[in-house]
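Today I am looking up salt bridges. I will take them pair by pair and note where each partner sits.

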Amino acid sequence: MKQVLNVQNIEKYYGNKDNLTKAIDGITFDINEGEFVGIMGPSGSGKTTLLNCVSTIDKVTSGNIVIDDTNITELKKQKLSKFRREQLGFIFQDFNLLDTLTAFENIALALTIQKVNPKKIDAQVKEVAKKLDIEEVLPKYPYQMSGGQRQRVAAARALVHNPSLILADEPTGALDSKSSRMLLESLEKLNKEYNSTILLVTHDTFTASFCDRILFIKDGKIFNEIYKGNQSRKQFFDQIIEVVTLLGGDISNVL
Amino acid sequence: MYFKIALQNVRKSFQDYFIYFLTLAFSVCLFFAFNSFTEQQAVIEMTTSQSEIMKLLTEIMGYMSVFVAVVLCFLIMYANSFLVRRRKKEFGTYMLLGMEKSKMARILLYETFIIGLLSLVVGIVFGIALSQVLTIATASLFEVQLNYRFVFSFEALILTILCFGLVFFLAMLLNIVILSKFKLIDLLYADRKNEEIHIKYVGIYVLIFIVSLVCLGVSYYHAWTDPFNVLGNKFIFVVSFGCIGTLLFFLSLAGFMLRFVSSSKKLYYKGLNMFVLKEVNASIKSNFISMSFVCILLLLSIGALCTGLSLNATINKSLKQSTPYDVSVEYRQYREDTPIEVIELQLPDSVKDDASILRVQKKVAIGIPTAEYNNVFEHVVNHYANREIGMTEQSNYEELSFIHESDFNDVLTDQGYKPIEIKKNELVPYTTSVQLRDPISKDIANKRTLNVQGYTFSLKEIDLPEMTLASSPLIDNSFICVVDDEIEFDDPTFIYHAININAKDETKHDAIREALENEITEQFSNKGYTFSYFASTRQDIYDGNKGTSVIVTYVGIYLGIVFMLSSVTLLALQQLTKANDNKKRYLILNKIGADDVMMNRALFKQLCIYFFIPLALALVHSFVGIHFVDAIIMTTGRSSILEGSAIACAILLLIYGCYFVVTYVGAKKIIHSK
């Protein structure tokens, strides 16, 4: 199976001489095509930093990140922007939709930025809208949609240009339980039917239970990894809870 | 301690304040310079009449300054409120920490004071520089010698400080009012934008747009084809149609533009165009009133500048023509209840000795029955009827002026032209007004005869040069009839005499004029209201005209620049506020993959459209407006104002361009800041 993401021993420091913070302390993992991976950890564990580094928004202090055979740690700013545009798709916690554009236009924006042929844009947008079941809301403005619909529009925007890797940062953070479920089921569908590779960051167990594989982060290190395998979602949920419970107890029990 | 906070705030956000500060400094500079005219008199060698003009100018500037101060006041208060609103989050933090509103007001007070003081000082320094320039300009406008010395007007300084002090005081009051209205929750969550309602029926905008174009079209048509009527009673009609048209134009522009561009997929789906268009749409929609206002201000500004800059050149051209003699003394006697006792002025010997040419010119006005007049001068009557200017009440008699052939020929030969010959039964109508030439030609072609006091005249056409019959400060827009010397009329309604003199010695002009004036006051001392006179040397007329020209030029430039500054600052501030609100959006664009170059280009397009649309419309308005002013000025025989318009446009583009660049740089900085 093709390896989409390969993170090799990355470290990230913040601050200056007087005040140094180590946000990521030697993390190594990889993700294959078609996997649905989740990164879990408490606040301050470095999971958002990790996502930012993988998504090229931030730069690592040392180590390598290879996405689809391209070592992004070696790319310059312009090429990085280009790479981000073409190969990656983002779903943010606060949707980040432009309130002056309709849903259709928000999704289309991802394509126009890449200078896709205007004639093809209509078809592509409609296709991805179908995948995420948001065809009826396409002509509406964000303020006219529910939170769940907005997040799915954001997801559509992330996907429309067929990126190698989809990155989601707390996608259900601002949603109620019903909307969360709908979004996660959509993501699941994308993963199963269209073989999309998804990397999700969350602190919420329910969200995490939809993934195939979870990496647990604490204090900038991966301290555990579990696979769903053949378990049902409920069983996987329980297994995750167990690991999380351990986080509250003695650290030496975990490592 | 609060002062320290204020000082730090100003230093930190100096770049944000820059446009505000720049406008303030510039306003102070202009204000100070244009109010220092009194001092200029000391430096420039002026004649008495010129000094009179300067006094008048200073007075007019005083009144203008009040008006300008009011405009600037509004501008500064608007700018102030914009800046305060931008710092909502900061004030929210102060409030959260428990600071009372009065203390925050105090910080604001100090800040306004610091900025005010700074801009006042800088403005005055530049103002002093500018007033030196103005002194030199005045000298050149009056065409006199300049003994250059440093000019500084203490009065202007006091006036400026007082004025702007008052304005800042008002601005601080306004700030306090704004602050008192702030609610803590609004301040902290100022970033959460309220969703705007978008009107769905875009089709309506197309309709409104068409209506606006119709309105403007009607307005233009009338101003272009019928300027004199517009000056009269159609004025309000044209102006209001123009204003309504402009308002509707901006109201519908957003929707119309959007509709138009979104229908072309190739353009709409290119890069960040969708985003830019929607942003511009939102901007224009929420600001259409101020944009119309800006457009009209720009029109006024261009008009003022054009008129100011071009009148000088225009006046110069016609001066030579309107002063055929070195000195002319004119006096008129009017008929009251009894026929006029004609007085022939006794000319003193000194005058006769000093004159190389001495002419006595006589004109009479005879009452002609209206029916007869209207019949013979049908087209002239129609011409005035259409214009509706200077229409007196309908009476039984119309006045017609006559001059003898020899008096007329005197002027012709003195100017180097060939004299004319008229038979006893012929009459040559002569006018210097360009507008009347055509109607008069038509009347002559009608070949009707005029019956006056037993005489019968047929109208004769002779090709005559353009000239005035005496050096007069008045402009005569009517026509006069040249008749044979033997024709004598009874009981005229008024009699006009002109003593036209060319002096042997240039320096004697004033002496001759004074001598004649003394004679007149002596001989006519008991005539009261049935008599009036003018005594002018060529220099007097030059000075008078120049005076008008100087005043109009300065007032035009002053008002023009102030209006321009106000309008462009308004636009700049609005866009900077928008940029601040847009920071979030540009961040999103960055996250979804748009690089810096793309975003800068989008910002540039956005600003371009917003800045240059009101300018474009204002230029179209001005085109019609200038043509209108030109047509009016033409009546006084003066030429077109093309040159002045060109300079005005150049200044406009320069100032506009500068503000645009500063706004772009500022906005770019805002949206790229983390």
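I started with B:Asp326 and B:Arg538, whose side chains meet in a salt bridge at 2.8 Å, N to O. The model is predicted. I then looked up where the two partners lie. B:Asp326 is in the loop between helix 13 (273-322) and strand 1 (327-334) of chain B, and B:Arg538 is in helix 20 (residues 538-591) of chain B, so the pair ties together parts 212 residues apart in sequence. B:Asp326 has 11% relative accessibility, so it counts as buried. B:Arg538 has 23% and counts as partly exposed.

Next I took B:Glu486 and B:Lys424, which form a salt bridge at 3.8 Å, N to O. I found B:Glu486 in the loop between strand 7 (479-483) and strand 8 (494-503) of chain B, and B:Lys424 in the loop between helix 17 (405-414) and strand 4 (426-431) of chain B, so this pair ties together parts 62 residues apart in sequence. B:Glu486 is exposed at 56%. B:Lys424 is partly exposed at 48%.

Then came B:Arg513 and B:Asp510, with a salt bridge at 3.4 Å, N to O. Where do B:Arg513 and B:Asp510 lie? I found both in helix 19 (residues 509-523) of chain B, three residues apart, about one turn of the helix. B:Arg513 is buried at 13% relative accessibility, whereas B:Asp510 is partly exposed at 40%.

I also looked at chain A. There, A:Glu11, A:Lys22, A:Asp25 and A:Lys221 are linked in a network of salt bridges.

Last, I noted the total. A search of the whole structure gives 30 salt bridges over all chains.

Conventions:
Residues numbered from 1 in each chain as written. Chains lettered and ligands numbered in written order. Predicted model: local features only at pLDDT ≥ 70, side-chain atom pairs only at ≥ 80, totals over all residues. Heavy atoms only, no water. Salt bridge = Lys/Arg side-chain N within 4 Å of Asp/Glu carboxyl O. Helix = DSSP H or I, 4+ residues; strand = E, 2+ residues; numbered from the N terminus. Buried < 20%, exposed > 50% of the residue type's maximum accessible area, 1.4 Å probe, protein only.
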